[in-house]
Amino acid sequence: MFQPVPVFVGLRYSLAREHSFFVSFITWVSLVGVALGVAALITVLSVMNGLESELRTRLLSLTAHASLNASGAPIGDWHARLQQLQGSPGLTGAAPFLDTDAMLSRPPAMSGAIVRGIDPKLEPQVSSIADAMREGRLSDLEPDSNRIILGRMLAYQLQVGVGDLVTVMIPGNAAASGGGDAPVPRLRDFHVAGIFEVGLQEHDSVLALVNLEDAEAFRGLDGPTGIRLKFYDVLKAPELARAAAARLAPGLHVRDWTEDNEAYFRAIRIEKTMMGLILMLIVAVAVFNIVATLIMVVNDKRTDIAILRTLGLSPRGVIAVFMTQGVLIGWIGAAAGVALGLALACNVDVIVPFLEQTLGFHFMDPDVYYISGLPSEVHPGDVARIGSAALLLTLVATVYPALQAARTQPAEALRYE
C-alpha cells in the first residue's frame, strides 16, 4: 500500500470491477462525455481561429495594416515622408494611395466603386494585389495611360473584359463648374488593363485601381490623400503604426486595420464566445454524470466508509478518497479529449474532404462561400484554457458527493451489518 492512504483507496475504488453495471456504465458515459466535449471545443475553436485568420488575410490583402491621412487633404512631398518612415520599428513597406468614390458605367450597366490611385512600383510592399491578378499585370498602370484594373465581381457587373472602355464619373465642385450652385460631375474614359480576384466581395465587387498620377489629375489634387503601411506583425500593427507616425510632422491621423474591420472581428469574437459556451454544456452534462456516479458509489460504499472511519480515517481522508475517484474520471476524460481534439484540429484538411466525398455534400459550398475549405489554426492558449476549465469543473463536481461521504456516521452505517 502506498501513501497517502486516501489516494490509494480512491484509486482502488476507481479501478475495482465489483461496481454494479449501471454505476460502471454511468462512469464510462461521464468519461466519454468529458472527452467529447473537450475535443469538440478544441476542434470548433481551431476551425474558427482558422476562418478568422483566413478572413484577416483576405481583408488585409488590399488594405494594408495601417494608414496615415490628412483628413482628405493631399499630402504634400510624400516622397520625403516615405523616407522619414524608413527604419520605423517593424515597418516592412509604405506606399501612397488616393481613394475616390465613383460611378463606373459601360452601357447598359452601371455600378458604384472605389477608385484607388496607387504607385505600381510601391504597391507590392503593402498589398498582395500583384499575386491576385487574374488578367493583365499591375505594371500596366503607367502614368497618363488612363488604364484601370477592376475586381472580378465589378468587371462581371459591368460586363467588361480586358481592352474594353469604362467611363468613370466622380463628383465635381461648384467652383469648377463656373460658380453655379450644382456641381458638375467629372467624366473620364479608362481602358480595362486587368482583372484581379482576392476572394472577398468587399474588394472584388467595389474596388478599381488606376495609376496615382492619373487619379491626382482626375481629382485635381497635387498629391495622394494617404500613405498605407505594412508591418512584420499584423497583431502589433496598431501600436507600431503610432510609433511610425510619431516620426513625421504633426497633422497626419493614424487608422489601423482593427478600426477599418472592427465589425467583422467583433462578430467573430462573439461567435467564438457563444460557441464555446454552448459546447461547454457537453462537458457540464458529463460533470453532472460524475456527480451522479459518485453519489451512487457513496451509497454503495457506506459500509466501507464506516469501517475506514473506525480504523482511524478522518473525515478529510474520506473526502480525499472520493475526490480522487471523481478527479481520476474527469482528468482521464479531459486528457483523452485534448488528444482527440488536437488530432482532429490538426487534420481537418484531410478529414473534411473525406467526409464530403463519403456523404456527398460540401460543408462550404464554393458556389456560396468565398472560402471553400475549412482552415484550422490551433492556439495553445485555447487548448490550455479548455483543458483547465474541464479539470476545474470535474474537480468541483466531486465536492458534494465527497462531503456527503464524510458525513457518514459509522454506527449508523454498521447498525444492521
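Reader: Why are H11 and H14 called oblique to each other?

Author: In this predicted model, helix H11 (residues 315–345) and helix H14 (residues 399–406) pack at an angle of about 140 degrees, with their axes 8 Å apart. Roughly antiparallel would need an angle over 145 degrees, and roughly perpendicular one of 65 to 115 degrees, so H11 and H14 are oblique to each other. Their crossing is right-handed.

Reader: What makes the contact between H11 and H14?

Author: On the side of H11, Pro315, Val318, Ile319, Phe322 and Met323 take part, and they meet Ala402, Leu403, Ala405 and Ala406 in H14.

Reader: Why is Ile307 called partly exposed?

Author: Ile307, whose place is in helix H10 (residues 302–310), has a relative accessible area of 38%. Buried would require a value under 20% and exposed a value over 50%, so Ile307 falls in between and is partly exposed. The C-alpha atom of Ile307 is separated by 7.0 Å from that of Pro410, although the two residues are 103 apart along the chain.

Reader: What makes Phe190 and Phe218 an aromatic pair, and why is the pair called tilted?

Author: The structure holds one aromatic pair, and in it Phe190 and Phe218 lie 6.0 Å centre to centre, with 55 degrees between the planes. Rings pair if their centres lie within 6.5 Å, and planes under 30 degrees apart count as stacked while those over 60 count as edge-to-face, so the pair of Phe190 and Phe218 is tilted. It links distant parts of the chain, with Phe190 in strand E7 (residues 186–196) and Phe218 in helix H6 (residues 212–219), 28 residues apart.

Reader: Are Phe190 and Phe218 buried or exposed?

Author: Phe190 is buried, and Phe218 is buried as well. For the protein as a whole, 44% of its 417 residues count as buried.

Methods: Residues are numbered from 1 along each chain as its sequence is written. This is a predicted model: local features need pLDDT of at least 70, side-chain atom pairs count only at pLDDT 80 or more; totals for chains, interfaces and linings use all residues. Side-chain values use heavy atoms; hydrogens and water are left out. Helices (H or I, at least four residues) and strands (E, at least two) are DSSP runs, numbered from the N terminus. Buried means under 20% relative accessible area, exposed over 50%, partly exposed in between (1.4 Å probe, protein chains only). Axes are lines fitted to C-alpha atoms, for helices over the stretch in contact, and angles run from 0 to 180 degrees between N-to-C directions. Angles under 35 degrees count as roughly parallel, over 145 as roughly antiparallel, 65 to 115 as roughly perpendicular and the rest as oblique. A crossing is left-handed if the near helix is turned anticlockwise from the far one by less than a right angle, and right-handed if clockwise. Contact means heavy atoms within 4.5 Å.
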